[in-house]
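Dear colleague,

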Amino acid sequence: MSNAALATEHPTKKTMSKLDELKAAEAKLLLGTYDRNPVLFVRGEGVHLIDENGDRYLDLLSGIGVNALGYAQPAIESAIADQSRKLIHVSNLFFHEGQAAVALRLTEATGMDRVFFCNSGTEANEAALKLARAYAKLKRSEGRHLGTKFLALEHSFHGRTVGAVAATWKDKYREPFAPVMPGVEFVNFNDVADLKAKFSDEVCAILIEPIQGEGGVRPVSQEFFQAARELTRSTGALLIADEIQCGFGRTGKWCAYQHYGIQPDLVTLAKPLAGGIPLGVMLCSEEASRAIHAGMHGTTFGGGPLACAVALAVISTIERERLLEAIAEVGSYFQQQLEALARKHAAAVEVRGMGLMLALELDSPDLAKQVVAEMMKRHILINRTDETVLRFLPPYILQKEHVDEAIAALDAILSEQPAVAAAAPSTGGQKVGQ
Ligand SMILES: Cc1ncc(COP(=O)(O)O)c(C=O)c1O
């Protein structure tokens, strides 16, 4: 049907914006899983996204921690173009040049021994859960009792598949799909006594996000992480670090556990690994890898030539441009500025995080929602997690001038919100945290 015919048949169609058309089409055609912001992005440059009208937005969220090198990054563009001309997919039935090369860089960066490639965070965690169960079974066959139970943490988020969601704390993610995978018990966050009380040789693994992401940017304490390491060592159970949000450079080190001096047995990474092309990995120790043999686990797409070529380009760029150092420097500047803001505004409860994974907790969910919307109006993208927490996950290439722009906007918005702030009940807490 021609445009003219469409316009005659549906008089409103002519006046609908592209965004309105998309909204209407998606409302009719897509499964209703998302509540999208009303903006249509068409391209990006550096730390900015650009919408259909050509308006630029400072992106402090980077596609929920994915676009680590920002947008239109030349090394990523060339890797995609070059590899797409050679080979995009070949399956895991055959060799290609990418996996061993990426695995070498990742094992060097993380101190782990072996890599399994997949496509997403939740799949990486699924692989970790399956390996932990298989390893416990192997240990039982060798005469050492290890059960099938997992310990996960209050506020945790590990993904949406039936295993990973079972280890995810919030009821709303699990309850509609019950029964999810059995055998997960939750431990109070940073509560060593609770961890010790719930740990036994029935536990095959403890799952920890060294800095919880969706749960509100909460770093685990040194004492808690250490206790988890010692308890798992005492029985032969595995310590799993979910670094899908906090890992791969985001905190200024390749992995957040490296700030603690603790080496886990299994590590999962995904989001920023291939600069926006889907790629996840589960890394494990040599000892844990004994539990897996050919045919036990796998994936069609995981670790394809395109994703691996881009991951290599991302790793090389992070190294060449010394981005880990830049993250530590700009991140600590950002954190200081947030702390100064928190001292100035009564509605600010706490600043948390490390590197470029930061949060400002406010004292009411409504205020946090309003601040995110106001930032959007000022063309700065952040999001709200765990109801009251403003989360910042910018690209690794963020500069101090971008921090200043964001802080000035937050300052203005919080200064304009006395009514909401005054009406909201205070949850107390410390102003400055780590
Ligand atoms: C810590 C953590 N683990 C797992 C996941 C799940 O990753 P994906 O959405 O790629 O499946 C996420 C996603 O936000 C995450 O933050």
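**Aromatic pairs and the core**

Phe-248 and Trp-254 are both buried, where buried means under 20% relative accessible area, exposed over 50% and partly exposed in between, with a 1.4 Å probe and protein chains only. Please bear in mind that this is a predicted model, in which local features need pLDDT of at least 70 and side-chain atom pairs count only at pLDDT 80 or more, while totals for chains, interfaces and linings use all residues. Residues are numbered from 1 along each chain as its sequence is written, and side-chain values use heavy atoms, with hydrogens and water left out.

The structure holds five aromatic pairs (rings of Phe, Tyr and Trp, the last by its six-membered ring, with centres within 6.5 Å; planes under 30 degrees apart are stacked, over 60 edge-to-face, the rest tilted). One of them joins Phe-248 and Trp-254, which are tilted at 50° with 5.3 Å from centre to centre. In the pair of Phe-334 and Phe-392 the planes stand at 55° and the centres 5.2 Å apart, so this pair is tilted. Phe-334 counts as buried because its relative accessibility is 0%, and Phe-392 is buried with a relative accessible area of 0%.

Best wishes
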